[in-house]
Amino acid sequence: MENFYEEFAEILEVPEVNREDALDDYEGWDSLGLLSTQIMAEESYGVKIGNDDLKGLTTVGDIADLIQSRRKAE
């Protein structure tokens with residue numbers, strides 16, 4: 001998970017992201033951003049997440065926490 005924030009910043013096409021950043025503040029957080037996040041989670045962390053999993057998440061840290069919790073559960 002050490003590279004998560006860098007990878008997520010690439011998805012959003014911004015220089016950097018922080019844990020407490022609101023997802024809605026990013027133009028790149030759209031349907032393509034969601035799909036790219038799902039692909040990154042599976043390829044980089046071996047975790048499958050669906051659209052429903054991402055609904056209701058409001059910060060970058062929420063996504064990191066979701067991926068981390070799924071990694072521990074497997």
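## Helix packing and aromatic pairs

The axes of helix α1 (residues 4–12) and helix α2 (residues 31–45) come within 10 Å and cross at roughly 150 degrees, which makes α1 roughly antiparallel to α2 (over 145 degrees). This is a predicted model, in which local features need pLDDT of at least 70 and side-chain atom pairs count only at pLDDT 80 or more, while totals for chains, interfaces and linings use all residues. Residues are numbered from 1 along each chain as its sequence is written, and side-chain values use heavy atoms, with hydrogens and water left out.

**Helix contact**
- The crossing of α1 and α2 is right-handed.
- On the α1 side the contact (heavy atoms within 4.5 Å) is made by Phe-4, Glu-7, Phe-8 and Ile-11, and on the α2 side by Gly-33, Ser-36, Thr-37, Met-40, Ser-44 and Tyr-45.
- These contact residues divide into five nonpolar, four polar and one charged, with Gly counted as polar.

**Aromatic pairs**
- With ring centres within 6.5 Å as the criterion, the count comes to three aromatic pairs.
- The rings of Phe-4 and Tyr-5 have centres 5.1 Å apart and planes at 80 degrees, so this pair is edge-to-face (planes over 60 degrees apart).
- Phe-4 and Phe-8 form a stacked pair (planes under 30 degrees apart), at 5.6 Å centre to centre and 15 degrees between the planes.
- Phe-4, Tyr-5, Phe-8 and Trp-29 form one aromatic cluster.

**Burial**
- Phe-4 is buried (under 20% relative accessible area), with a value of 0%, and Phe-8 is buried with a relative accessible area of 0%.

Methods
Axes fitted to C-alpha atoms, helices over the stretch in contact; angles between N-to-C directions. Helix = DSSP H or I, 4+ residues; strand = E, 2+ residues; numbered from the N terminus. Parallel < 35°, antiparallel > 145°, perpendicular 65-115°, else oblique. Left-handed = near helix turned anticlockwise from the far one by under 90°. Phe/Tyr/Trp six-rings, centres within 6.5 Å; stacked < 30°, edge-to-face > 60°. Buried < 20%, exposed > 50% of the residue type's maximum accessible area, 1.4 Å probe, protein only.
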